[in-house]
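Subject: Structure handover and findings

Hello,

Here is the structure for you to look through. My notes on it follow below.

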Amino acid sequence: MENLKDKKILIVDDEPEIRIMIERFLRKEGFFRIFTAADCASALSICHTGKPDIVILDVMLPDGDGFSLLSSIRQFSETPILFLSARGEDEDRLLGLGLGADDYIVKPFLPRELVLRLMVILKRVFSSPVVERLSAFRLGEQIIDLDSAVVHRNDKELPLTAKEHAILVKLYENQNRIVTSDALCQAVWGDDSYGYENTLMVHIRRVREKIELDPSKPIHLLTVRGLGYKLLVKEIR
Amino acid sequence: MEGIIRILRRFVATTIFISIFLLIFNFVLLGTLVFTENYQHPSPEGMVKQVANGLEKQDDSFQLDEQATELLKQNDAWAMLLGEKGHVRWDYHLPHDVPKSYSLVDVAKFSRYYLMDYPVYTSEHKDGLMVVGYPKESHWKYQLDFLPDWISSLPLRIVLLLLCNLALALLISVVIGTRLIRKIRPLVDGVHNLAREQESVQLDAKGIFGDLAQSINSASAILQSKTAALQARDEARSNWIAGISHDIRTPLSLVLGYASEMEDHSDLPKEQRHQAGIIRRQGEKLRSLVSDLNLVSMLEYEMQPMHLKPIRLSVLARQVVTEFLNNGLDDRYVIELKLTDEAVQIQGDEKLLLRAISNLVQNSVRHNSQGCKIIIEASLSNDRSHYLFIVRDSGRGILQEQLAEITELHYSTRRKRPDQQGHGLGLPMVARIAKAHHGRLILASGSDQRGLRAVMEFPVQSQNGKVDNEEI
C-alpha cells in the first residue's frame, strides 16, 4: 500500500490558499509528487506532460468550469478525478458524478475527509487487481464465511440460504450499527418490499439458529425493538 | 362558459318579465286614463233618451222638463223633434243652418253620422224622432261593425296577441342579450385570466365596453410587472444568499482545514489544541448554517427543485432514529417510536423529509441538554385525509409566546423579538419543507405544559397516485 503515496496528484483550484493548504496536508500524509494549477489551460497542459495519477478539481475556474475540463481530460486519459467545489447543490453533484468523476466533495471540507476519500479512490484504482472477495469473520465460536455462504461451527458446515446470506452481508457491511428492518427488507427483496417484516423475522430466526449458541438469547445478532437489527462483531480477520 | 349562459338566462327572464309587466300596465292605463274621458258626462245616447223622456206633449205644444233643459244647456246642445212627415215639430235652440224638414234619405244619413257637421244623436219619441245635436267638432262619430265569429274568437285572439308579444319580447331579449354577451365575453375571459395570473391579458379596447377593456388591460399589465418584479426580487435574494454562502465556503475551508490540523498537531500544547478544536467545531457549525441558510432561502422562494416520489414516512422515521443511535446518542435521551398506518405513502422528496424529521429530533436533543424522552408518532388523521407525523419530547419546551414566531426566519420582519433561546434554522426549515409538500408544521406545548410537540401534517396520496387535495 505504500506505493500509493508516490502517485502523482494534480490540484486544480483558482484559490492559492486552498492549493497551498491541500498540498500541505497531502505532503504531511506522505505524498510528494504534487502538481498545482490555477486554471483549465495549465491544468490540461500538466495532464498532457505530467500524466498525474489523480486530479483534485475545482468546479469554478477563471477560464472555464471543471465539468468541461473533466470532459477534455477524459478524451485522452482515464485518470481518476475528485471534485472539490463550493457548489454544493444536488444538481452540481449529480452533474459532476454523472460526467464520470470518482467523488464530489463540497467545500468547506475537513482535510482528513479529503485524504480519506482520496485514498479510497487510489486504493480502488491502483491496488493489485485481486478478485474482490467477501469477508469471512469470527463471531464467538463460529466463523462466518460470506464468500462461500457457509457458517463453520464445531467442525460442521452450515450452509446459508440466499436470503440469509443477503441479510448477513447487509448486517456485516453495517457491523455494530443498527440496520433498520426497512433497509434489510430492501436489501433482500428489493424496492417496494413493504410487508416483508414478518418474513424477515422468520429469516432472522433461522440465521440465529446458525450463528448463535442459544438462538433465544442472542448475543451477536441483536434485535433493536421497533427499529431493526444489529450485528455485533468483535474480531475481524 | 357556464357564467355567460347564466347571465344570458337571467337577462332573458328579466326582459320577459318586464315586457309582461309593461303589457298589463298599459292595459290598465288604457282603461283608467284614456277611456275614462268619455264617461265624465252622461253619454250622448243617454242624454238623447233623457231629452226624449223629458219632452211631454201638452195639447198641441211640447214642453221640455227642467232637468233635460239643464242638461242640454250644460252641453251646449240643441234638440228637435221630427214628425211623421219629416217636419220639425218642436225644437230647442235649433241652429239657423239646420233645415226644418227632412226626407227619409236625409234622416237615414244623419242618424248615423252628422247633420250639417253637427254630431247628432237620435232616439225614438212617441210623437216622432228626437234629435239632439252637439256643437260642431265636439264629438267624433264612428260606426263599428262586428261579425259574431269575430266576437266569439276574441278571447283566442287576445291570447294569441299576448303570445305573439311574448315571443317578440323573447326574440328581442335574446338578440340583444347575445349581442351584449358577445361584447362581454372577452371581458369576462380577461378577468378570469387576470385572476389566474397567467400570461398578460390583451383585450380589444373598441366597442361599448372599450374603457372597461382598457382598464382590464392596464390591470393585467400592472399585475404582470409586479409579478415580474417580485420574482426578480425573490431571485435576487435567493441568488444573493447563494452567492454569500458560496463565498463563505472557501475561507471556511481554510479555517476548518488549519484548525483541524492544529488540533491534531502533537507538538502544540494541549491548551492550544483545545482552542483549535473549538475553532474547528464552530467552523463546522458555520458550515452547516451556511448550507441550511441556502436551503431555507431556496424553500422560502420556492426555488428548490423537488424530487418527488411515493414515500412511507415510517421508513424515514426509523432511518433517522437509527442514525441518531448509531452516531452515539447520549443515554440521557430515550427515543420511542409509535408508528401506525405504515402502509400510507405521501408524495415527497426523500432528502428533504429526512432532513425535516432529523431536524425535529435534533431540536429536541439540542435544547434539552439535561436529557429527555422523545416520542415519534405517525398515523393517519381521523378523517384519513392527512398523515400526521408527530415528534414530541418531555423537555423544557418553548414559551407559549415564542411558539408562534419560532418558525419565522431570524431576519424576518414578522419576528418581533430577537431570538433568545438560540434556535437555529432547524424549525423554520421544517416548516418550509412541510409547506413545500403541501403540508404544514404545527408547534404546541406538550400535554402537561412541558416539552414541545411538533406536528407535521401531509396530504395523503390516494390510490391513483395523485395527491388528494390538489395537484403537485
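Helices (H or I, at least four residues) and strands (E, at least two) are DSSP runs, numbered from the N terminus. This is a predicted model, where local features need pLDDT of at least 70, side-chain atom pairs count only at pLDDT 80 or more, and totals for chains, interfaces and linings use all residues. Residues are numbered from 1 along each chain as its sequence is written, chains are lettered from A and ligands numbered from 1 in the order in which they are written, and side-chain values use heavy atoms, with hydrogens and water left out.

**Backbone**

Most residues other than glycine have a negative phi, and most peptide bonds are trans. Some places here depart from that.

B:D117 is not a glycine, yet its phi is positive, near 70°. It sits in the loop between strand 5 (114–115) and strand 6 (118–125) of chain B. For burial, the cut-offs are: buried under 20% relative accessible area, exposed over 50%, partly exposed in between (1.4 Å probe, protein chains only). B:D117 counts as exposed because its relative accessibility is 54%.

B:H438 also has a positive phi, about 60°, and is not a glycine. Its loop runs between helix 12 (426–436) and strand 13 (440–445) of chain B. At 27% relative accessibility, B:H438 is partly exposed.

In chain A, look at the peptide bond from A:K107 to A:P108. That bond is cis, with omega near -5°. A:P108 lies in the loop between strand 7 (103–106) and helix 5 (111–126) of chain A.

**Salt bridges**

Side chains of opposite charge can pair when their charged atoms come close. The rule used: a side-chain nitrogen of Lys or Arg within 4 Å of a carboxyl oxygen of Asp or Glu. By that rule there are 23 salt bridges over all chains.

A:K107 comes up again here. It forms a salt bridge with A:D13, with the closest N and O atoms 3.1 Å apart. The two are 94 residues apart and link distant parts of the chain: A:K107 is in the loop between strand 7 and helix 5 of chain A, while A:D13 is in the loop between strand 1 (9–12) and helix 1 (16–29) of chain A. Both A:K107 and A:D13 are buried.

In chain B, B:E263 and B:R280 form a salt bridge, 2.8 Å from N to O. This pair also links distant parts of the chain, 17 residues apart: B:E263 belongs to helix 7 (residues 210–264) of chain B, and B:R280 to helix 8 of chain B. B:R280 is buried, at 16% relative accessible area.

B:G277 is 14 residues from B:E263 in sequence, and their C-alpha atoms are 5.5 Å apart. B:G277 is in helix 8 (residues 270–300) of chain B. B:G277 is buried, with 2% relative accessible area.

Then there is B:E342 with B:R312, a salt bridge at 3.9 Å, N to O. They are 30 residues apart and again link distant parts of the chain: B:E342 in the loop between strand 9 (334–339) and strand 10 (346–349) of chain B, B:R312 in the loop between strand 8 (308–311) and helix 9 of chain B. B:E342 is buried at 19% relative accessibility. B:R312 is buried too, at 13%. Which residues share partners with this pair? Salt bridges that share partners join A:D182, B:R312, B:R318 and B:E342 into one network.

**Helix packing**

Helix 9 (residues 313–326) and helix 10 (residues 350–366) of chain B pack at about 50°, with their axes 9 Å apart. Axes are lines fitted to C-alpha atoms, for helices over the stretch in contact, and angles run from 0 to 180 degrees between N-to-C directions. The pair is therefore oblique (under 35 degrees is roughly parallel, over 145 roughly antiparallel, 65 to 115 roughly perpendicular, the rest oblique).

**A contact in chain A**

A:Q142 is in strand 9 (residues 142–145) of chain A. A:Q142 is buried, at 1% relative accessibility. Its C-alpha lies 6.4 Å from that of A:I211, 69 residues apart along the chain.

Best wishes
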